Amino acid sequence: MLARGWSWRHGGRRAQAVAGLDLEVEPGERVLLLGPSGSGKSTLLAGLVGVLPEGDAEDGESAGELLVGGAPAGARRGRAGLVLQDPESQVVLARVGDDVAFGPENLEVPREEIWPRVRAALDAVGLDVPLDHPTAALSGGQKQRLALAGVLAMRPGLVLLDEPTANLDPAGVVEVRDAVVRALDATGATLVVVEHRVAVWADVVDRVVVLGRPGDEGGDGAAVVADGPPEQVLAAHGDDLAARGVWVPPRFRTRPLVPAWRAPTPGEDLLAARELACARPGGPVAVRSADLVLPAASCTALTGANGAGKTTLALTLAGLLEPVGGAVVATGALADGLGPSPWRWRSRDLLRRVGTVFQDPEHQLVAATVEDELSHGPRLLGRPEEEVRRRTAELLERLRLTALARAHPFTLSGGEKRRLSVATALATGPRAVVLDEPTFGQDALTWAELVELLRELVDGGAALLAVTHDADLVEALGARTHHLEPPDPAVPLAPRGDPPPPRGLARWRGRR
Amino acid sequence: MSAGAASGRGTTGGAPTGAGTPSASTRGTSTLGGLAGDVRSTPLTRANPLATLLGGLVIAVALLLTVDVVSAGVALALELCLLPLVGLAPRTLLVRLLPVLVASVPAGLVTTVIGRDSGEVLLGAGPLTVTEGSLGLGVAITLRVLAVGIPGVALLVATDPTDLADGLAQRLHLPHRFVLGGLAGLRLVGLLVAEWRTLALARRARGLGDAGGPLAGTRVVAGQVLALLVIALRRAMRLALAMEARGFGVPGAGRTWARASTLAPRDAGVVAVCTAVAGLATATAVVAGTWAPVLG
């Protein structure tokens with residue numbers, strides 16, 4: 001691929017997403033593309049695969065040249081294949097074989113040639129399932145490998161990956177990375193991968209290219225800030241990259257991401273699970289018998305493989321799902337005058353007691369501006385207007401969101417949304433906070449900010465429960481880990497610790 | 001039956017045939033059925049979805065032409081005999097059919113009370129009367145809802161959406177961009193159900209979960225719908241991008257099909273059986289003298 005003075009401006013934006021990019025990648029090269037958010041990495045990939053809108057100036061404008069294999073990018077579909085971040089939105093069809101065949105079909109590959117290609121592509125990514133296996137039954141890592149197979153079946157000379165492992169657990173990350181390497185070895189295709197987590201790809205690629213933000217410091221306006229073998233680029237720019245949010249391995253940077261911290265001594269127990277069994281409404285039992293305690297001023301990490309029921313357990317502890325066996329017990333210090341069972345509390349009573357941060361921030365955003373989002377909880381609790389305003393301003397400042405106070409929450413970037421969703425849970429000052437994968441897909445800067453925020457909470461006496469795969473987070477918070485095994489049907493379900501109030505005849509009998 | 005299905009599917013699933021058309025044999029792996037549990041392979045589930053669609057249409061049209069007890073009753077009796085061909089366990093099938101069963105009763109009751117009166121008055125309260133005529137009409141309507149609804153739902157369950165899309169695009173030559181776009185979109189609907197539930201949990205966490213007044217409740221639900229729409233739209237856009245990146249939707253471009261949508265004698269059989277059900281029901285009603293056209 002070759003970019004010569006290539007620029008792109010999205011329709012409706014004033015600033016250019018990519019400005020004057022000069023970059024040449026030789027056939028067979030494996031390139032890791034780094035850069036701060038807003039440096040146009042994803043735009044470049046979209047341009048290479050030929051899915052940027054063309055024609056109207058309203059849709060966007062390009063300048064310069066962008067060539068793939070000597071021809072303008074996108075002139076021939078299928079020369080470059082793209083795998084995106086979200087596993088869910090890349091599955092096209094219901095059966096594995098059909099999904100892989102989708103690309104070749106669009107390229108008008110003759111039928112008798114399609115199926116051998118499908119099998120070869122599935123082999124290359126190591127996805128060993130029958131062709132009629134339902135795609136809905138695949139794990140996140142498998143779905144990403146399926147997407148990769150779908151791309152390989154088109155026999156592209158250039159494979160483009162846009163943060164393909166950001167939404168996966170550590171096992172899934174390795175699984176996808178290895179599949180990529182195996183596929184490249186088999187096909188000799190060129191690779192360009194965009195990823196924050198350098199450590200995952202550093203050993204696999206032979207070149208690292210760092211893009212700058214158009215109009216950023218550097219002055220000369222060069223789109224490429226650094227370019228060279230991984231060791232060399234990381235050694236020369238480690239600290240600089242880390243400061244821009246890139247996950248640089250520790251040996252290439254001189255400063256730690258977060259300062260050292262001493263976890264306080266845990267206080268009294270606030271929330272506990274006793275032989276707790278939980279399930280989504282109408283779903284199978286995800287956790288059969290869990291026992292754990294959340295003391296004040298401490299953090300507990302909930303770990304375990306996909307499908308072990310971590311999220312279900314966390315949401316049940318947070319009082320959002322009804323236990324199906326055993327009990328969630330809130331001690332007097334947390335319940336503050338209410339019964340011991342958070343599930344029975346009113347939604348409004350939860351605000352002051354248990355805060356929840358969902359895996360996808362968009363799920364829990366309910367207001368039209370960032371400011372309202374933060375004042376929503378305190379207002380519902382009827383706090384004095386003056387106090388609400390002061391607290392909101394404080395949180396905005398603390399999270400560097402003041403400039404965005406009037407923006408619609410859905411328009412924020414991924415990192416901003418994450419900070420906001422954590423802040424909404426903290427605004428009402430709950431004593432227990434449950435977080436589901438709070439650091440998933442975040443860059444190093446947002447990660448460090450989250451750690452600082454959560455440390456403050458623990459110092460302030462809160463009991464934290466974090467569902468996480470992030471070993472760095474566990475270490476940074478000095479968290480105790482509770483490992484969850486997938487449900488074992490042999491484990492009997494305990495009776496409900498807080499049986500539902502008897503109704504009708506049963507109640508009448510009970511009275512007698 | 002099931003052994004045949006297993007080996008049939010194997011053509012695409014395992015044994016590398018190299019060339020060849022594994023398509024016809026992939027049928028019977030219904031995705032909808034897959035959600036419902038195991039679908040046994042039967043001549044019906046292996047038929048081309050276009051045939052089942054046409055068959056269902058024939059029965060529906062024949063029964064909607066007339067309102068009488070005999071035609072609907074005969075059709076219903078025949079349909080019940082054919083139900084095992086759907087390939088679902090009785091319990092699963094019952095759950096799928098429940099909406100039809102539930103809907104049929106009120107439809108008949110309403111007709112009984114407010115339908116055109118004739119004959120002896122059996123029950124009366126002001127303008128609401130139940131007469132011999134309206135009672136007959138009510139029963140006929142109930143039977144009709146069942147006789148049209150049961151095969152409708154049953155044929156839908158036996159139909160794999162992917163195979164239907166193949167049929168629509170390859171056989172009926174509907175524009176493949178629409179057909180495949182719709183098919184891919186259909187898959188997102190299932191995801192939205194899970195999203196909706198999570199949104200509801202998140203609203204409880206944000207203090208909006210208490211039953212307030214109707215006004216407050218409406219506002220919370222409206223916000224939740226809006227959030228779902230935004231999330232759905234984003235997801236759809238990402239899916240569209242992923243499909244485009246795989247060469248889909250180039251204006252004017254052609255397309256090959258990995259699975260051939262083939263028509264076999266079995267498909268003619270499905271249409272013939274459905275036509276026979278419709279014909280027998282109509283003929284019996286005509287002979288019995290109860291056939292009463294709705295139009296004219």
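**Briefing: domains, sheet and chain interface**

Chain A is divided into domain 1 (2-252) and domain 2 (269-483), with bounds that come from an automatic or database domain assignment. This is a predicted model, in which local features need pLDDT of at least 70 and side-chain atom pairs count only at pLDDT 80 or more, while totals for chains, interfaces and linings use all residues. Residues are numbered from 1 along each chain as its sequence is written, and chains are lettered from A and ligands numbered from 1 in the order in which they are written.

**Domains of chain A**
- The centres of domain 1 and domain 2 of chain A, taken over C-alpha atoms, are separated by 34 Å.
- Contact (C-beta atoms, placed from the backbone, within 7 Å) links 11 residues of domain 1 of chain A with eight residues of domain 2 of chain A.

**Sheet in chain A**
- Strands E3 (residues 30-34) and E8 (residues 190-194) of chain A pair in the parallel sense over four bridges; in E8(A), Val194(A) is the bridge partner of Leu33(A).

**Interface of chains A and B**
- Chain B has 53 residues in contact with 57 residues of chain A.
- Helix H11 (214-245) of chain B (helices are DSSP runs of H or I, at least four residues) is among the elements giving two or more residues to this side of chain B, and H11(B) gives the most, with 12 residues.

Methods:
Pairing = 2+ DSSP bridges. Contact = placed C-beta atoms within 7 Å.
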